[in-house]
Amino acid sequence: MVAGSCQDKKNKDVLKILRYKFVALSSGLIFYTMQVSKTVRKVTTHILNEMKLKGEKIAMLTAYDYSMARIIDEAEIDVILVGDSASNVMAGYDTTLPITLDNMIYHAASVVRGVRRALVVVDLPFGTYQGDSKEALVSAIRIMKETGAAAVKLEGGEQVAESIERILTAGIPVMGHLGLTPQSIHKFGTYVVRAREEEEARRLMEDARILEKTGCFALVLEKIPARLAGEVTSTLKIPVIGIGAGPKTDGQVLVIHDMLGITQEFSPRFLRRYLNLYAEIKGAVQTYITDVRSQSFPNDKEQY
Ligand code: KIV
């Protein structure tokens with residue numbers, strides 16, 4: 001079976017499938033039974049829109065591999081972003097610039113194999129969509145074909161509108177990203193809060209309107225003042241997801257390594273750590289080393 005049709009099957013947007021079945025009894029009687037099997041309701045871009053309309057907050061996290069994607073999908077996260085933050089947390093680079101399209105496809109395909117419910121969005125990496133809308137389309141098509149994801153995300157406003165427009169012609173949903181846009185770090189020089197000044201805030205609002213008009217299905221706002229994020233959220237009809245953008249957005253996104261406390265050195269004010277996995281993992285590994293060295297592992301029951 002080809003990957004696409006397998007995915008289609010998984011994606012069936014139904015809560016329950018009712019199946020009628022003939023059952024033949026030994027007496028020769030035949031009657032109907034009704035089997036009720038549960039399938040998962042896949043999150044779609046339309047569902048995110050409905051959530052905004054109903055005032056239900058959208059929960060989004062990043063993931064880069066099968067095992068983590070499976071856990072957070074089973075926890076019922078709404079959106080999984082295969083972020084180019086993989087460049088930092090998976091590959092150990094200082095910035096998101098070095099990660100390649102092939103790298104992103106590898107991560108995204110692994111994530112999709114672990115997901116049944118969440119909407120999977122994949123970042124277009126630096127250098128694969130800016131400046132040449134035809135290249136943007138080719139990059140986005142590769143992501144959709146080779147990963148089975150449901151949408152792509154890219155950074156920037158008016159300057160990438162032509163790329164977004166062209167990607168949309170292929171029926172590929174696009175999520176925008178404004179505010180702190182890490183792919184432009186060398187232009188800005190620092191990771192400080194963006195759009196504090198009136199002129200930059202005005203520009204951001206204008207870009208947000210352009211992205212909505214161009215056809216983005218959602219928008220990420222990163223590290224901007226909460227008041228501005230609230231204004232953008234109430235101005236736009238599409239869902240707005242914030243990271244370091246306060247409580248008024250339609251949803252929140254965090255990098256999974258940050259919220260689980262795997263990363264240590266990154267501690268911005270907006271980050272809430274739900275675990276300290278760095279310490280947990282280190283402690284477990286130290287205990288294992290002690291057990292191996294003292295020959296208490298494996299014990300009598302842990303062998304054949
Ligand atoms: O790459 C990423 O993880 C992101 C989020 C921070 C939104 O773009």
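**Close-up views of a predicted model**

**View 1. Glu 76, an exposed residue in a loop.** Glu 76 counts as exposed, because it has 11 C-beta neighbours inside 10 Å. The cut-off for exposed is 12 or fewer. Glu 76 sits in the loop that links α3 (66-74) to β4 (79-82). Its phi is positive, about 75°, although Glu 76 is not a glycine. As in every view here, the model is predicted.

**View 2. Lys 223, a buried residue in a loop.** Lys 223 has 21 C-beta neighbours inside 10 Å and therefore counts as buried. Here the cut-off is 20 or more. The loop that holds Lys 223 runs between β8 (218-222) and α10 (226-235). Lys 223 is not a glycine, yet its phi is positive, at about 50°.

View 3. The bond from Phe 297 to Pro 298 is cis. Its omega is near -5°. Pro 298 belongs to the segment that follows α12 (277-293).

**View 4. Helix α6 against helix α7.** Helix α6 covers residues 133-147, and helix α7 covers residues 161-169. Their axes come within 8 Å and cross at roughly 45°. The two helices are therefore oblique to each other. The crossing is right-handed. From α6, the contact takes in Ser 133, Lys 134, Ala 136, Leu 137 and Ala 140. From α7, Glu 162, Ser 163, Arg 166 and Ile 167 take part. By class, the residues of this contact are four nonpolar, two polar and three charged.

**View 5. The shell around the ligand.** Which residues surround the ligand? The shell holds Thr 62, Leu 81, Gly 83, Asp 84, Ser 85, Asp 123, His 177, Val 220, Glu 222, Ile 243, Val 253 and Val 255. Five of the shell residues are nonpolar, four are polar and three are charged. Among the charged ones is Asp 84. Leu 81 of the shell falls in β4 (79-82). Val 220 and Glu 222, also in the shell, fall in β8 (218-222).

**View 6. The whole chain, for orientation.** The chain has 304 residues, and 37% of them count as buried. Its secondary structure comprises twelve helices and ten strands. Take the contacts between residues at least 6 apart in sequence: 58% of them join residues at least 24 apart.

Terms used:
Residues are numbered from 1 along each chain as its sequence is written. This is a predicted model: local features need pLDDT of at least 70, side-chain atom pairs count only at pLDDT 80 or more; totals for chains, interfaces and linings use all residues. A residue is near a molecule or strand if its C-beta atom, placed from the backbone, lies within 6 Å of it. Helices (H or I, at least four residues) and strands (E, at least two) are DSSP runs, numbered from the N terminus. Two residues are in contact if their C-beta atoms, placed from the backbone, lie within 7 Å. Axes are lines fitted to C-alpha atoms, for helices over the stretch in contact, and angles run from 0 to 180 degrees between N-to-C directions. Angles under 35 degrees count as roughly parallel, over 145 as roughly antiparallel, 65 to 115 as roughly perpendicular and the rest as oblique. A crossing is left-handed if the near helix is turned anticlockwise from the far one by less than a right angle, and right-handed if clockwise.
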